[in-house]
Amino acid sequence: ELLFPAGVANLDIRELLREYQPRDIDGIVLPNYEAVPETKGGVQDPFVDATLFKRNYEHADKKTWKKLGGVVVRNKSLPNFFLAYANGKSIARVARNRLRSNGAHRFKFRPISNSPSSRQRFNEVTHSEAKILHYPYMNLDESIKRLRNCCPRDVTSSLDAEKINQTFLLDFDRQAFVALVLNGEGEDEESERLEGRRRRAEAWYNERIVFEDVNETAALVHSGVFDRIYAPSLLLKKLSQK
């Protein structure tokens, strides 16, 4: 992931935070954008190679996003528009001595007592331009490795649905584990059969995750459902040249 403070001078996160210093704001929500690979098999260096992103609902025209986002879901046979999470990440003031996590993406205040009157409201706002850039499933081999490491080794069949559901919270992760690990890998099989399973895994990855059609991606960017963000790639390329 990358924190991308768009909308502030020089992409300086300190400037973004200064915007909220005088206000009674406890937290800032940064909607997440999800990176999309555009070449078969994915990309090798996501932070540099990826410039296409699915735009978050919070930063899009709601009617267009629902309509064309639904087309993306149907065309790619996806359970949701985003492969991973869609509720962003947040920043909170650590000076608050009652600050507590509220799941993996938000913060809250710890009540002083059990009395409802003691529960102070956590005041948060969603930034209109800054965002989290998330890079899941950017490379086939890395995706297989991550999924395999997440699940117990005794899960060897899609029939082990209970263990798979316990391991993966997201529907797409479950589908990807079955398609890329269980059906795409094997250690004790003949070479020819292994090659066939590998081809099936590659086909599934390219069909479900990769957006290779330049006309399709251009139309989605033009509509505001996808976005082109070049700054991280350009900055990292420049840093690597020093």
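Guide: Let's start with Arg-106 and Glu-124, whose side chains meet in a salt bridge at 3.7 Å, N to O (a side-chain nitrogen of Lys or Arg within 4 Å of a carboxyl oxygen of Asp or Glu). This pair links distant parts of the chain, 18 residues apart: Arg-106 belongs to strand S7 (residues 106–109) and Glu-124 to strand S8 (residues 124–126). Helices (H or I, at least four residues) and strands (E, at least two) are DSSP runs, numbered from the N terminus. Glu-124 counts as partly exposed because its relative accessibility is 32%; buried means under 20% relative accessible area, exposed over 50%, and partly exposed in between (1.4 Å probe, protein chains only).

Please keep in mind that this is a predicted model, where local features need pLDDT of at least 70, side-chain atom pairs count only at pLDDT 80 or more, and totals for chains, interfaces and linings use all residues. Residues are numbered from 1 along each chain as its sequence is written, and side-chain values use heavy atoms, leaving out hydrogens and water.

Now follow S8 into its sheet. Three strands make an open sheet of mixed pairing, in the order S5-S2-S8 (two strands pair if DSSP finds at least two bridges between them). Strand S5 (89–92) and S8 are the edge strands, each pairing on one side only. The neighbour of S8 is strand S2 (residues 27–30), and the two pair in the parallel sense over three bridges. Within this pairing, Ile-28 stands opposite Val-125 in S8.

Back to the charges: the whole structure holds 12 salt bridges. Side chains of opposite charge can pair when their charged atoms come close. Another example joins Glu-15 and Arg-18, at 2.6 Å from N to O. These two residues are separated by about one helical turn, because they are three residues apart in helix H1 (residues 13–18). Glu-15 is partly exposed, with a relative accessible area of 33%, and Arg-18 is partly exposed too, at 43%.

A further bridge connects Arg-198 with Asp-141, their closest N and O atoms being 2.8 Å apart. Here distant parts of the chain come together again, 57 residues apart: Arg-198 is in helix H7 (residues 191–208), while Asp-141 is in helix H4 (residues 140–150). Arg-198 counts as partly exposed at 27% relative accessibility, and Asp-141 counts as partly exposed at 42%. Follow the contacts onward and you reach Glu-202, which is linked with Asp-141 and Arg-198 in a network of salt bridges.

Charges can also meet rings. The charged end of Lys-62 sits over the ring of Tyr-57, 5.1 Å from its centre (NZ of Lys or CZ of Arg must be within 6 Å of the ring centre and within 35 degrees of the ring normal). Tyr-57 is partly exposed, with a relative accessible area of 27%. Tyr-57 and Phe-81 both belong to a cluster joined by ring pairs, together with Trp-65, Phe-82, Phe-211 and Phe-226 (rings of Phe, Tyr and Trp, its six-membered ring, pair if their centres lie within 6.5 Å; planes under 30 degrees apart count as stacked, over 60 as edge-to-face and the rest as tilted).
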